[in-house]
Amino acid sequence: MVTNEEILQKSKELNNLDLNKWLNQELFSLQWFLIVILVLVCYVLFFYFVDKQRLIEILLFGSFVSVLFIVYHSIGDYFGYWASYITLSPVKPDFFGDVFTDVPLITMLIYQFSSSWKKFLLIYMGFSVLLIFGYYNYVLVNINAFAYLKPSATTLDFISMLLIGIVPRGIMVYLFKIEARNGNRNAEHSLSNLIAEPITNREK
């Protein structure tokens, strides 16, 4: 019989092992600095380009993306589909890496600049291809910072990435439709940014 005390002891030993590896092998390594630079670049781009008048709406969308991303990424870790060898912090999962930075920030900008479902899907699918097959499966794998551990892991990761962008956008459209039906003019304007071409483009 496995006791709670045994599980807690093993967890403590594993956490100590992870922390020791992070402090002595990961922190301040070349791979670690590359990930830090990428995170900083994503933040700079986001705060430079984000529409400050739609900030709450865009951050709400980004929150949905972050929640879905951390859920599926944690499940994949647990079942051994992939593993991160270099992380920004020793905390698992790495909240300061892709979970709350690269993926949500770039996805929020795609959301902001996509005035129709067609445009969003085209741009977001392109981003997902670059992220999964370029960044994860090529860059991070080759610098030994990440690895796919099962043959189907890359495909699963790609499909999951599509869903964590498409589902939150669908939720946002649905919520704005409810508000618009109840007379919220701001919601009507927000909805027009998501399912129709901008007014300036139509006037041309």
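Which residues does serine 190 touch, not counting residues up to four places away in sequence? Serine 190 touches Glu57 and Phe176, where contact means heavy atoms within 4.5 Å.

## Before we look around

This is a predicted model, in which local features need pLDDT of at least 70 and side-chain atom pairs count only at pLDDT 80 or more, while totals for chains, interfaces and linings use all residues. Residues are numbered from 1 along each chain as its sequence is written, and side-chain values use heavy atoms, with hydrogens and water left out.

Helices (H or I, at least four residues) and strands (E, at least two) are DSSP runs, numbered from the N terminus. Serine 190 counts as buried because its relative accessible area is 11%; buried means under 20%, exposed over 50%, and partly exposed in between (1.4 Å probe, protein chains only).

Serine 128, in helix 6 (residues 117-142), is buried with a relative accessible area of 0%. Leaving aside neighbours within four places in sequence, serine 128 is in contact with Phe133, Phe158, Met161 and Leu162.

## The nonpolar core

In soluble globular proteins, nonpolar side chains tend to be buried together. A nonpolar core is a set of buried Ala, Val, Leu, Ile, Met, Phe, Trp, Tyr and Cys residues joined through side-chain atoms within 4.5 Å. Here the largest such core has 44 residues, and Tyr124, Leu131, Tyr136, Met161 and Ile164 touch the most other members. Elements giving two or more residues to this core include helix 2 (30-49), helix 5 (102-113) and strand 2. Helix 7 provides the largest share, nine residues.

## A nonpolar patch on the surface

Now to the outside. Leu60, Leu68, Ile159, Leu163, Val167, Ile171, Tyr174 and Leu175 form a nonpolar patch on the surface, and together they have about 660 Å² of accessible area. Helix 3 (55-78) and helix 7 (153-181) are the elements that each give two or more residues to the patch, and helix 7 gives the most, with six.

Leucine 60 is the one to find in helix 3. At 37% relative accessibility, leucine 60 is partly exposed.

## A lysine in a loop

Finally, look for lysine 150 in the loop between strand 2 (146-148) and helix 7. Lysine 150 is partly exposed because its relative accessible area is 33%. Not counting residues up to four places away in sequence, lysine 150 touches Phe79, Gly80 and Tyr81. Leucine 131 is 19 residues from lysine 150 along the chain, and their C-alpha atoms are separated by 18 Å.

Note on methods:
Patch = residues over 30% accessible without salt bridge, like charges linked within 9 Å, V, L, I, M, F, W, Y side chains within 5 Å. Areas by Shrake-Rupley, 256 points an atom, 1.4 Å probe, with all protein chains shown as cover. Salt bridge = Lys/Arg side-chain N within 4 Å of Asp/Glu carboxyl O.
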